[in-house]
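Take a look at the sequence and the structure below. Then read on for a short tour.

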Amino acid sequence: MTTLDTGGPPPTALDEPGGQPPPPPGRGDRIRAVVRGIGEVLITAGLVVLLFVVYEVYVTDWVSAGKQRDATQALDNQWKKEDQAPAAPEQQRVERFDGLDEGTGFAKMHIPAFGADYAFTIIEGTTERSLEIGPGHYKGTAYPGEPGNFAVAGHRVGKGAPFNDVDLLDSCDAIVVETRFSWFVYRVLPKKDEVSGWATGKGTDPRCQGVAPLGGPYTGLVGQEIVNPSQGSVIAPIPGHPDDAPSVGERATLMTLTTCHPRFSDRQRLIVHAVMVKQWAKDPTKPGETPPELKETN
Amino acid sequence: MYGWLWRHLPGPVAVRATTAVVLVLAVVALLMFVIFPWVEPKLPFNQVTTTQ
């Protein structure tokens, strides 16, 4: 390596600006310069790749944290404004989600199993730009609390990584969705290996009240699955059956999370299905009240 | 490459070193704020949605 490092014009020519002009470079010097140039380019390329990793894992996190904070702030302000100037009388405290613009927040999701501070504002739409702000709602799927499949995509690496640990969600873990007037409690469906012994096994856990393997057209639906990116049917009203169009009355109220799998790859998608078990109406006289499910933080 | 750059930077060593640092930072900023955000969606790392 030392011969390469001392390549190029002889240093004496540089150190003595007023001295003799350097002798014309020989053939060996030229080869040495070319080889060193290639080496430097390769090292530089390696540094750029490393820098990209830093960007993807850390820098996008900072950028997204700011955007998520702004979206949450905007949603809080909107809710507060509507509280101060109630447009509708008490009996009309129903959710309205029509006319949402791409990129606006409309609900918050809490996963107490990921810690009491796990909260993300859900953004309308699943474009790159929306997903940079936070978990994005697939347009055309149900909204929180509605019969059907409330489907949400989120990043697993960088960009706030809201769904970083979604693979660790266990059956019956709560996903609490907060909207303007309500808290909707969804719980992860039984996993594949738990379905058969559910009634006598995990299903006896008091947290699992209301959670059981679904029957009828939903038979075979489990809490976690890994699919190919082309399987868009996982967000259908009946996941896996895109052509079935059940009437609203026949629909179960589901929530589906999608993210990339394995981590750092887009080869597959990790899918989590949950079913709604409870709805708490917000009490306008107790603004800070939270549902008990939010305390399931272990 | 780097040797050539160093030899062509003007001024005494201190000035050259400062210029070099500024150049490095400029390149890093260009990568972070322009090139990486542009190239990132094209790479197969972070696609989280299923096709609809």
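Which pattern does chain A follow, read along the sequence? The pattern is α-α-α-β-β-α-β-β-β-β-β-β-β. That gives chain A four helices and nine strands. Keep in mind that this is a predicted model.

**Inside chain A**

Chain A has 298 residues, and 33% of them are buried. Take the contacts in chain A with a separation of 6 or more: 60% of these join residues 24 or more positions apart.

The largest nonpolar core holds 53 residues. Within this core, A:Ile175, A:Tyr186, A:Ala274 and A:Val275 touch the most other members. Strand β9 of chain A, residues 268-281, supplies the largest share of the core, with six residues. In soluble globular proteins, nonpolar side chains tend to be buried together.

Now pick A:Ala274. Which residues does A:Ala274 touch, leaving out those up to four places away in sequence? They are A:Ile175, A:Tyr186, A:Arg187, A:Val188, A:Leu189, A:Leu254 and A:Met255.

**Where chain A meets chain B**

Here 34 residues of chain A are in contact with 19 residues of chain B. On the chain A side, the elements giving two or more residues are α3 (27-84), α4 (128-133) and β8 (253-261). Of these, α3(A) gives the most, with nine residues.

What kinds of residues make up this side of chain A? The table shows how they divide.

| Kind of residue, side of chain A that touches chain B | Number |
|---|---|
| Nonpolar | 16 residues |
| Polar | 12 residues |

Key: Residues are numbered from 1 along each chain as its sequence is written. Chains are lettered from A and ligands numbered from 1 in the order in which they are written. This is a predicted model: local features need pLDDT of at least 70, side-chain atom pairs count only at pLDDT 80 or more; totals for chains, interfaces and linings use all residues. Two residues are in contact if their C-beta atoms, placed from the backbone, lie within 7 Å. Ala, Val, Leu, Ile, Met, Phe, Trp, Tyr, Cys and Pro count as nonpolar, Asp, Glu, Lys and Arg as charged, and the others, Gly among them, as polar. A nonpolar core is a set of buried Ala, Val, Leu, Ile, Met, Phe, Trp, Tyr and Cys residues joined through C-beta atoms within 7 Å. A residue is buried if 20 or more other C-beta atoms lie within 10 Å of its own, exposed if 12 or fewer, and partly exposed in between; C-beta atoms are placed from the backbone.
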